[in-house]
Amino acid sequence: MTRYTDAIDQSLQRLHDEGRYRTFIDIERRQGQFPHAEWTRPDGSRKEITVWCGNDYLGMGQHPEVLAAMHQALDATGAGSGGTRNISGTTVWHRRLEAELADLHRKEAALVFTSAYIANDATLSTLRTIFPGLIIYSDALNHASMIEGVRRGGGEKRIFRHNDVAHLRELLSRDDPAAPKLIAFESIYSMDGDFGPIRDICDLAEEFDALTYIDEVHAVGMYGPRGAGVAERDGQMHRIDIINGTLAKAYGVFGGYIAASARMVDAVRSYAPGFIFTTSLPPAVAAGAAASVRFLKGEGGQALRVQHQTQARILKTRLKGMGLPIIDHGSHIVPVHVGNPVHCKMLSDMLLEDHGIYVQPINFPTVPRGTERLRFTPSPVHGPQEIDRLVRAMDALWAQCALNRAEAVA
Ligand SMILES: *Cc1c(COP(=O)(O)O)cnc(C)c1O
């Protein structure tokens with residue numbers, strides 16, 4: 001048996017050698033006090049910290065309406081759904097959530113999955129069954145879940161250079177005009193915080209008679225007048241065939257979905273193994289997610305979106321003011337370029353231990369080597385005091401570690 005244990009040890013050692021073995025930080029968020037949390041060190045001792053790298057972008061994970069909806073459904077119906085969607089696991093809470101999501105994106109239908117990862121993987125891999133000979137054009141920086149879905153589907157694929165519409169056009173024009181085509185991309189790329197060229201891609205899709213598939217995971221809840229995403233904000237939502245989103249980031253709960261025509265949703269529902277052969281979401285989770293989507297559609301949501309953008313602008317302005325190399329594409333994500341995995345980890349460790357600030361270092365393979373970074377996610381629950389503490393800590397550390405101060409990266 002030692003050959004198996006040796007192989008496991010060697011595979012883990014490779015990660016250690018390359019400096020990309022992941023250690024998880026053990027935290028307990030404090031409901032009602034986000035972004036504050038308690039960190040338990042490996043030795044069991046505890047420290048109060050502020051979370052600066054969460055994806056609960058608007059603090060909806062502690063919103064009273066969300067929690068009330070979850071309590072209510074839990075008390076009414078119990079813990080789990082008790083089945084797959086097909087076999088006893090479709091409840092009124094699932095149907096309400098899907099109706100809420102279809103309305104959000106002004107589509108005929110929506111389909112809820114275990115997560116947005118599963119929604120991307122299951123949908124993209126299944127479209128090949130529905131459209132034989134489908135060619136998928138995929139942005140080079142698409143999320144791992146889309147890459148997996150495209151790969152597992154097994155058909156033809158073309159990778160276009162990130163956000164490069166000219167390259168996409170070149171690839172489209174090389175293929176048989178009669179072949180079914182789909183362009184898969186994101187509205188916000190979460191590591192740089194840059195936007196996908198939605199309008200230009202929709203123009204190309206029209207010209208080449210291709211379907212469009214957008215991942216709005218880092219935009220739903222946060223952009224557009226009702227929080228439907230960047231495509232809504234830019235008046236392009238009706239031009240997108242399939243919209244993918246998560247219920248776990250700005251909506252603060254759990255689960256993922258697609259929204260599309262009733263016909264498309266019916267086909268994916270009927271063919272995708274990742275949808276069919278798994279237990280549906282617990283009703284309390286579906287109820288909480290629906291409450292969050294509903295809340296963020298309204299005026300309360302709009303107020304949070306404005307606050308969110310303001311917080312991001314303040315943080316960027318202050319970090320830039322100190323000459324830190326931040327990457328700024330005008331979204332809510334604030335990456336600070338470090339460019340070295342060892343420095344990146346060291347800064348993260350010092351922020352946590354000395355300043356009670358938790359920001360996970362982002363290293364290869366999540367981002368290319370040489371572009372290692374700290375990625376901050378300000379939110380409406382990060383007040384002026386938290387921002388001030390973060391800015392002072394970064395200033396002190398940059399001096400202490402004698403790191404370069406450079407022009408902000410555009
Ligand atoms: C986080 C993420 C997902 C997966 O969403 P989950 O609901 O957490 O599975 C999909 N796409 C992108 C771009 C993401 O960042």
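Q: Which residue's side chain is joined to that of His 382 by a polar contact of 2.9 Å?
A: The model is predicted: local features need pLDDT of at least 70 and side-chain atom pairs pLDDT 80 or more, while totals for chains, interfaces and linings use all residues. Residues are numbered from 1 along each chain as its sequence is written, and side-chain values use heavy atoms, with hydrogens and water left out. A polar contact is a pair of N or O atoms within 3.5 Å; within protein, one must be able to donate a hydrogen and the other to accept it, and residues adjacent in sequence count only if both atoms are side-chain atoms. The partner of His 382 at 2.9 Å is Ser 379.

Q: Is His 382 buried or exposed?
A: Buried means under 20% relative accessible area, exposed over 50%, and partly exposed in between (1.4 Å probe, protein chains only). The relative accessibility of His 382 is 3%, so His 382 counts as buried.

Q: Which backbone oxygen does the side chain of His 382 reach at 2.8 Å?
A: Beyond its neighbours within four places in sequence, His 382 is in contact (heavy atoms within 4.5 Å) with residues including Pro 35, Trp 52 and Gln 311. The backbone oxygen that its side chain reaches at 2.8 Å belongs to Val 51.

Q: Which residue has a polar side-chain atom 2.8 Å from an oxygen atom of the ligand?
A: A backbone N or O atom of Ala 116 lies 2.9 Å from a ligand oxygen atom. His 143 places a polar side-chain atom 3.5 Å from a nitrogen atom of the ligand. The residue with the 2.8 Å side-chain distance to a ligand oxygen is Lys 249.
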